[in-house]
Amino acid sequence: AEIWQEVPLAPPDSIFKLTAAYKEDKFKDKVNLGVGAYRDDNSKPWVLPVVKKATSILLNDETLDHEYLPITGLAEYTSAAAKLILGADSPAVKAGRVSSVQTISGTGANHLGALFLSRFYQFNGKKQVFLSNPTWINHYAILRNVGIEPVEYPYYDPKTIGLDFEGFINSLKSAPERSVFLIHACAHNPTGVDPTQEQWKAIAEVIKEKKHYSFFDSAYQGFASGDLDKDAWAVRYFVEQGLPLLVCQSFAKNAGLYGERVGALHIVPPDAETANRVKSQLSVLQRSEISNPPAHGARLVSLILNDAGLFEEWKRDIRTMAGRIIDMRNELHRQLTEVLHTPGSWDHILQQIGMFSFTGLNPAQSQKLIDEAHIYLTQNGRISMAGLNSHNVEYVARSIDGVVR
Ligand code: PLP
């Protein structure tokens with residue numbers, strides 16, 4: 001056969017397929033609850049006012065050029081980004097034991113982190129990383145791409161539509177010593193279910209006992225609660241406990257910079273000397289992957305993080321986004337419980353956090369919402385709170401009520 005003629009056709013990405021179906025739908029009141037991006041109350045993308053301001057500052061900066069950034073990225077960006085996630089007075093930052101590299105958003109951070117582990121982590125015989133069941137679907141492919149086998153740990157309990165804390169703890173205990181656990185720092189995607197602080201403490205304790213390694217994915221800092229510090233609590237607690245870890249950071253959601261691809265990977269080893277060697281290897285890996293990260297998004301975020309006034313404005317913008325999402329949770333819950341008296345318990349909608357909510361709807365009910373109500377969501381019953389607004393929340397609640405009765 002001719003070269004490439006036997007390449008099989010790959011299936012389309014399920015989320016992008018859902019968006020395409022939504023776009024084709026001619027129904028006037030259609031709703032897209034599949035989107036993984038923030039929308040304002042009129043279903044429109046939102047450019048953060050602070051980003052507009054930072055953009056105009058950059059446009060007027062005559063000193064900027066289009067030269068390459070260093071391989072590991074813009075230094076004033078990566079160091080400010082490290083302080084943002086680890087805390088301005090983090091013991092790790094103070095001790096100079098954080099290796100930070102600018103990456104192609106959170107996806108690139110996950111990739112570089114996985115690649116680093118595949119090369120340098122002393123896996124216990126098997127090259128595997130534990131993933132929460134369920135998790136962001138891309139985690140599987142990112143690990144497999146670098147020859148790491150994904151294995152699942154229990155996380156979500158469909159009976160309670162909440163955390164399977166016991167299952168999680170038991171699998172931390174039964175995994176071989178020095179295993180790697182990929183953990184969502186906050187606003188777990190797709191469930192919206194996070195451990196409480198007490199539960200995080202217990203999780204950290206077992207991780208310490210078993211010498212496991214934590215691979216944090218932080219894609220939603222600030223977006224979950226509206227408070228950057230609160231959403232970084234687990235990562236900072238693990239660092240305080242002296243646990244070695246790795247954090248993937250994205251500014252896609254919390255700065256609305258989806259297309260700019262601005263992220264970072266931070267590796268926190270036990271001492272500065274190791275951090276230095278780790279960074280040298282990250283630099284070698286990055287060189288062959290992307291050579292140099294893109295400049296514009298990093299410059300924007302660097303301006304915002306390093307200027308006290310802009311930083312305050314950003315925090316206000318984050319509160320605007322998180323606040324609207326929290327309002328939608330409250331309103332959807334109120335409609336289902338107080339207005340419609342929909343059968344079942346819906347309190348999980350209030351307990352879950354961040355952009356996504358596992359509604360507890362089964363695949364048949366989810367499909368019915370698409371087919372009969374023109375409300376688009378994934379088969380697993382996950383809805384994006386960002387797709388709800390004051391104009392459609394009542395319609396969505398009535399439609400959910402219709403498919404569960
Ligand atoms: N990790 C998780 C858990 C996510 O939900 C996402 C985005 O949906 C990402 C990482 C990466 O996003 P990005 O590459 O756009 O920063």
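This report walks through a predicted model of a protein with a ligand, starting with confidence and moving on to the ligand's surroundings and a pair of helices.

**How confident is the prediction?** The protein averages a pLDDT of 96, and 100% of the residues score at least 70. For the model as a whole, the scores are ipTM 0.99 and pTM 0.96.

An unreviewed UniProt entry carries the annotation "domain: Aminotransferase class I/classII large", which covers residues 28–400. In the model, that span is 46% helix and 15% strand. The end C-alpha atoms of residues 28–400 lie 18 Å apart.

**Around the ligand.** If you are looking for the ligand's neighbours, there are 13 residues surrounding it, and the closest are S105, G106, T107, S250 and A252. Helix α5, made of residues 105–120, gives the most to this shell, with three residues. Sorted by class, the shell looks like this:

| Class of residue | Number in the shell |
|---|---|
| Polar | eight residues |
| Nonpolar | four residues |

**A pair of packed helices.** Two packed helices are described by the angle between their axes and the distance between the axes. Here, helix α7 (residues 165–174) packs with helix α8 (residues 197–209) at an angle of about 15°, and their axes are 9 Å apart. Angles under 35 degrees count as roughly parallel, and α7 and α8 are therefore roughly parallel to each other. As for handedness, α7 passes α8 in a right-handed crossing.

Conventions. Residues numbered from 1 in each chain as written. Predicted model: local features only at pLDDT ≥ 70, side-chain atom pairs only at ≥ 80, totals over all residues. Near = placed C-beta within 6 Å. Helix = DSSP H or I, 4+ residues; strand = E, 2+ residues; numbered from the N terminus. Nonpolar A, V, L, I, M, F, W, Y, C, P; charged D, E, K, R; others polar. pLDDT = per-residue confidence, 0-100. UniProt positions renumbered as here; feature names shortened; annotations may be inferred. Axes fitted to C-alpha atoms, helices over the stretch in contact; angles between N-to-C directions. Parallel < 35°, antiparallel > 145°, perpendicular 65-115°, else oblique. Left-handed = near helix turned anticlockwise from the far one by under 90°.
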